[in-house]
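Visitor: I'm new to this one. Could you take me through a close look at a single part?

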Amino acid sequence: DVCSSDLFKFLEDAPTALDKLEAAGMIIGNNGIAEFSHAIFQEVIYKSIGDRWKSTYHKSLGEYYENAYKNKLDEVLFDLARHFSKTKEHQKAFDYCFRAGEKAESVFAPEQALEFYENSMATISKLRTGISDLHKEIEILERMGDLESIIGKYDKAIETFEKVKEIVEDNLTKAEMSRKVGDIYEKKGEYDKRSEEHTSELQSH
């Protein structure tokens, strides 16, 4: 029997590791490409390995896509975002997740776009070097709030827009966030709160 703890003793010797996996029936060789015979094997092995190895694994896959599709990265943006978001390549993770979010929005996939923007937000704090990053954070938060509103996560959208109001300094942006919050309260039928936000919007101008 081959267990995952035994298998990863052979990670530095890839051919031996692959032979072990194939002998155990966990992978199937096909024209020089090895793939898992069942998704459950991939899941069990993936969960058993350490975070450091996982990061290396995703970095390698991300770099493979970069090299293989270097003249057409847009075709694999979702893959690049997913892999680099699981590495310590924070700049690439942020860039690809943001671009993947934009792409998902453009093809009317709001939940997928929201996931990519959330991943970009998780990375931006590790990048922040100045005012440009703050502007990008505000842009992403606003996009997230819009998407949350679209898919009916009204309370979460209000929370996101309120967060923007807390970190921006210009009154026009504050007023715009108040307008969006007010629109959500109107959708929810909470007209008193809609009126409060309208008053806040006027005061911000």
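Guide: Let's start with H90, which sits in helix α6, residues 90–106; helices here are DSSP runs of H or I with at least four residues, strands are runs of E with at least two, and both are numbered from the N terminus. Keep in mind that this is a predicted model, where local features need pLDDT of at least 70, side-chain atom pairs count only at pLDDT 80 or more, and totals for chains, interfaces and linings use all residues. Residues are numbered from 1 along each chain as its sequence is written, and side-chain values use heavy atoms, leaving out hydrogens and water.

Is H90 buried, exposed or in between? Its relative accessibility is 23%, so H90 counts as partly exposed (buried is under 20% relative accessible area, exposed over 50%, partly exposed in between, with a 1.4 Å probe and protein chains only). Setting aside neighbours within four places in sequence, H90 is in contact with T123, K126 and L127, where contact means heavy atoms within 4.5 Å.

T123 takes us to helix α7, where T123 is one of the buried residues, along with A113, L114, F116, Y117, S120, M121 and I124. An α-helix has 3.6 residues a turn, so residues three or four places apart point the same way.
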